Amino acid sequence: MGFLIRLLVNALALYLVTRVYGGVSFAPGADAVSIILAALVLGIVNALIRPVLLLLSLPVNVLTLGLFTLVVNGVVLWLVASVTALNVAGFGAAIVGALILTLISWVLDALVNALGLDGGRD
């Protein structure tokens, strides 16, 4: 049940990013299934590829005091956009979109935790 809630929260966060920021959008005619699929791909890429990218960029990340993580998050969003119905206007838009996605996800996670819908996750 927790996985399903997490997937829906990610899908809602992606959808809200496309509504708030014009640099990230879904392809015309994209439906709820496309949004959920993009959220699933985002979760898989965050779980498998993002840690490798963070490890490879560790020296640069240390030099920039962690700010390079924004670039890594932008790369992740750009990768997701390349295989799903998500469209990103460019690499700069991917970085801004990833930052907005992080903020929206943080708020939604706090809301889910406050409502007790997190399935016992801490």
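Here are a few questions and answers about this predicted model. Residues are numbered from 1 along each chain as its sequence is written. Local features need pLDDT of at least 70 and side-chain atom pairs count only at pLDDT 80 or more, while totals for chains, interfaces and linings use all residues; side-chain values use heavy atoms, without hydrogens and water.

Reader: How far does helix α1 reach from its first C-alpha to its last?
Author: Happy to start there! Helices are DSSP runs of H or I with at least four residues, strands runs of E with at least two, numbered from the N terminus. Helix α1 covers residues 2–20, 19 residues in total. At 1.5 Å times one less than its number of residues, the expected span is 27 Å, and the reach is close to that, at 27 Å.

Reader: Is Thr-84 buried or exposed?
Author: Thr-84 sits in the loop between α5 and β2. Buried means under 20% relative accessible area, exposed over 50%, and partly exposed in between, with a 1.4 Å probe and protein chains only. Because its relative accessibility is 15%, Thr-84 counts as buried.

Reader: Which residues is Thr-84 in contact with, leaving aside its neighbours within four places in sequence?
Author: Contact means heavy atoms within 4.5 Å. With those neighbours set aside, the partners of Thr-84 are Ala-38 and Val-41.

Reader: Which helix gives the most to the lining of the largest pocket?
Author: Good one! α1, α2, α5 and α6 each supply at least two residues of that lining. With five residues, the top contributor is α6.
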